[in-house]
Amino acid sequence: MSSDPRRDWEAVDRYLTRLLAPADPVLDAALEASAQAGLPAIQVTPVQGRLLQLLACAVRARDILEVGTLGGYSTIWLARTLPPGGRLVTLEIEPRHVEVARANVERAGLSDRVDFRLGPARESVRRLIEERRQFDLIFLDADRPGYPDYFRASMELSHPGTLLVADNVVRNGLVADDSCDDPQVTGVRRYLELMAAEPRVIGTVLQTVGEKGHDGVAIGLVTG
Ligand code: SAH
Ligand code: DHB
Ligand code: MG
């Protein structure tokens, strides 16, 4: 990165991580097991994990939905905030990811609170709507072409006060590049348009920089 330390995002991320999200044996073990299993290292950063915890605590989340489990790293950050009796449902399409995540969540002592659902998230959310489930926080972190459908499903799975959090909505600025018609990017753009046009949601995007480069997280609060 830049030789000017004030512009070195990774150094700042390391500093913030030491300060705000110091090494944790359970989370470190989850990363280690995920790497051993050959999963891609695309989980949230520790500082982002902290943001997820903060948001879950801010809305006193009892029921959390996560779309995109991978090795269960963000799952552990979020599930740790649950009060007694709270539940987290996490959706994942890859059987191998679910297997690794189950072991990580078990080691974290959180198995009683986490419900893993294997399959395409579009089908899993449809089932959750049929079950009339409601969530206090919904974290989208899976296939971006699916984001518009997940937004529409989220509106059916939420109540006034629910927080909608969606990862990877900036991707090095591609979201604002009109010439880019990659379905990863158009999916995100459509998500943001739906959020902006939905009168029941107060939404914004925080651009982020750090060890994962330039990206952003959309945050929406369901009101009326
Ligand atoms: N939330 C995780 C990272 C998730 S990475 C963390 O921060 O720790 C994205 C995950 O979404 C991958 O495991 C991928 O297999 C899964 N995924 C991709 N498409 C999907 C789909 N259609 N349905 C469900 N999961 C999907
Ligand atoms: C990728 C996916 C993510 O969810 C993320 O946070 C970073 C990268 C990816 O698919 O490359
Ligand atoms: Mg992500």
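In this predicted model, a polar side-chain atom of R144 lies 3.5 Å from an oxygen atom of ligand 2; a polar contact here is a pair of N or O atoms within 3.5 Å. The protein covers 73% of the 290 Å² of accessible area that ligand 2 has on its own, with areas taken from the Shrake-Rupley method with a 1.4 Å probe. K212 also makes a polar contact, its side-chain atom lying 2.7 Å from an oxygen atom of ligand 2. For D141, the distance from a side-chain N or O atom to an oxygen atom of ligand 2 is 2.8 Å.

The model is predicted, so to speak of conventions: local features need pLDDT of at least 70, side-chain atom pairs count only at pLDDT 80 or more, and totals for chains, interfaces and linings use all residues. Residues are numbered from 1 along each chain as its sequence is written, chains are lettered from A and ligands numbered from 1 in the order in which they are written, and side-chain values use heavy atoms, without hydrogens and water.

Around ligand 2 stand I42, D141, R144, D167, N168, R171 and K212, where a residue is counted if one of its heavy atoms lies within 4 Å. Sorted by class, this shell has five charged residues, one polar and one nonpolar. Asp, Glu, Lys and Arg count as charged; Ala, Val, Leu, Ile, Met, Phe, Trp, Tyr, Cys and Pro as nonpolar; the others, Gly among them, as polar.

The magnesium ion (ligand 3) is coordinated by D141 (OD), D167 (OD) and N168 (OD1), at 2.1 to 2.2 Å. Donors are N, O and S atoms within 2.8 Å of the metal (3.2 Å for Na, K and Ca), and sites may look incomplete because water is not among the atoms. Along the sequence, the donor residues follow the spacing D-x25-D-N. D167 and N168 are both buried, that is, under 20% relative accessible area with a 1.4 Å probe and protein chains only.

Ligand 1 has 20 residues around it, of which G68, S74, E92, H97 and A121 come nearest. Its shell holds 10 nonpolar, six polar and four charged residues.

Conventions
Buried < 20%, exposed > 50% of the residue type's maximum accessible area, 1.4 Å probe, protein only. Polar contact = N/O pair within 3.5 Å; in protein donor to acceptor, adjacent residues only side chain to side chain.
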